[in-house]
Amino acid sequence: MASLALTSPPAVKIPSYLSSSSSSLFSRSSISFRNTESRSRICVSGFAKCNLPKALNGNARIPIINETTIPKFFDSSRLEKSVSRNNTKLKLFSGTANPALSQEIAWYMGLELGKVSIKRFADGEIYVQLKESVRGCDVFLVQPTCTPTNENLMELLIMVDACRRASAKKVTAVIPYFGYARADRKTQGRESIAAKLVANLITEAGADRVLACDLHSGQSMGYFDIPVDHVYCQPVILDYLASKSISSEDLVVVSPDVGGVARARAFAKKLSDAPLAIVDKRRHGHNVAEVMNLIGDVRGKVAVMVDDMIDTAGTIVKGAALLHEEGAREVYACCTHAVFSPPAIERLSSGLLQEVIVTNTLPVAEKNYFPQLTILSVANLLGETIWRVHDDSSVSSIFL
């Protein structure tokens, strides 16, 4: 019987928030980069440090932000007034899907990860035991339902059940990546709506609330019969793009398909109301996309493609090829969830993309690193949201 016990190092002191009257994303200090030959980096923008081993493939870049600063979307005096950080009734636990992100969140919050033993029996069954009391506590379980999707989903359900049976006051499932989100409607006869099924499973397991990042479609929130806090990771990517020396006159935001127009339009509005272009694609099967046409002008422009996830990268790469054919000077790809199913790495590293910007809602294996890859941490964003949910403060004000 293999076992995995998750523990955490001592908490890191949280710096006081910076006072600022400006809420702009574009007045931040500059960002420098470090080649991953040493792989030592600040992986949470602000102060939390972690050391990673040398990359096995490529030299993915991770932004290093000065330890005295935090992203501009947290740079507001209102945070000090609205959130109390002295309550010991908040407990944070991590599943096995993305423990690195969980640790970064704990560092930001100044907490230690709760002790939990997660074991897998020889026949594949999952066993979960909390190693500390959660009676009367507000418990947050961090577990993206990424590959292996079914295993991680089942682990989350068992963790929720363990907390409920241990008399936790409230249980919140923090799901940075919500698997099955793409199965949110029937496109053909006799199909299932798996997103609704998974929502029912999480609710019936005993979760009181769900905190999710950049759901594939907004209507997925309605599948839950419990409150859902939808966290948008756009500010993290926007804050990074704002540090690059790209003139707003040269910028065009591109939606890789018609369904992502609303997301791309909101993104463009934050980038000095940049013009919008749309790639018209016709999909002939799951994970198979064919680019047909481009709506908009990209000639001589720096194109920024925006999507919620990159799976096999067929949509992004074919879109990038079309943009180059239409005269785009450079093409950047931005997404929240780096699913990276084969053959995504081969496609993304082919040279069509100047940079591929993703977040760490999903763990990216080091064998999947390539030179154009940049990984941004959403730990501060999730940590701040968890504090606000715990203290019954406004979450939407983070994104104002």
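Reader: Which strands does helix H2 lie across?

Author: Helix H2, residues 99–109, lies across E6 and E9, and runs at about 160° to E6. Please bear in mind that the model is predicted. Strand E9 covers residues 138–142 and is joined to E6 by five bridges, the two strands running parallel. Within this pairing, Phe93 stands opposite Leu141 in E9.

Reader: In what order do the strands of the open sheet with E6 and E9 follow one another?

Author: The order is E6-E9-E10-E11-E12, an open sheet of five strands with parallel pairing. Its edge strands, each pairing on one side only, are E6 (90–94) and E12 (228–231). On average, neighbouring strands of this sheet are turned by 20° against each other, direction ignored.

Reader: How should I read the side chains along a strand, and which way do those of E18 point?

Author: In a regular strand, side chains alternate between the two faces of the sheet. In E18, Glu355, Ile357 and Thr359 point one way, while Val356 and Val358 point the other way, and all are buried. Because five of the five residues of strand E18 (residues 355–359) are buried, the strand is largely enclosed by the rest of the structure.

Reader: Which strands are joined to E18 by bridges?

Author: Strand E17, residues 330–338, is joined to E18 by three bridges and runs parallel to it; here Ala333 stands opposite Val356. Four bridges join E18 to strand E19 (residues 373–376), again in parallel. The bridge partner of Thr359 in E19 is Leu376.

Reader: Let us turn to charged side chains. How many salt bridges does a search of the whole structure find?

Author: Side chains of opposite charge can pair when their charged atoms come close. In this structure the search finds 13 salt bridges. One of them links Asp307 with Arg263, the closest N and O atoms being 3.5 Å apart. Asp307 lies in strand E16 (residues 302–310) and Arg263 in helix H6 (residues 261–270), so the pair ties together parts that are 44 residues apart in sequence. Asp307 is buried, at 11% relative accessible area, whereas Arg263, at 24%, is partly exposed.

Reader: How far apart in helix H9 are Glu384 and Arg388?

Author: They are four residues apart in helix H9 (residues 379–390), and therefore separated by about one helical turn. Glu384 and Arg388 form a salt bridge whose closest N and O atoms are 3.2 Å apart, and both residues are buried. Elsewhere, salt bridges that share partners join Arg120, Glu151 and Glu155 into one network.

Reader: Is Asp184 buried or exposed?

Author: Asp184 counts as buried, because its relative accessibility is 2%, while its salt-bridge partner Arg185 counts as partly exposed at 48%. The closest N and O atoms of this pair are 3.0 Å apart.

Reader: Finally, how many disulfides are there?

Author: A disulfide is a covalent bond between the sulfur atoms of two cysteines. The count here is zero. For Cys213, the nearest cysteine sulfur is that of Cys233, 4.1 Å away; a disulfide requires the sulfur atoms to be within 2.5 Å. Cys213 is buried, with a relative accessible area of 2%. Cys334 is likewise in no disulfide, the nearest cysteine sulfur, that of Cys335, being 8.2 Å away. Cys334 is buried as well, with a relative accessible area of 1%.

Key
Residues numbered from 1 in each chain as written. Predicted model: local features only at pLDDT ≥ 70, side-chain atom pairs only at ≥ 80, totals over all residues. Heavy atoms only, no water. Pairing = 2+ DSSP bridges. Axes fitted to C-alpha atoms, helices over the stretch in contact; angles between N-to-C directions. Contact = heavy atoms within 4.5 Å. Salt bridge = Lys/Arg side-chain N within 4 Å of Asp/Glu carboxyl O. Buried < 20%, exposed > 50% of the residue type's maximum accessible area, 1.4 Å probe, protein only.
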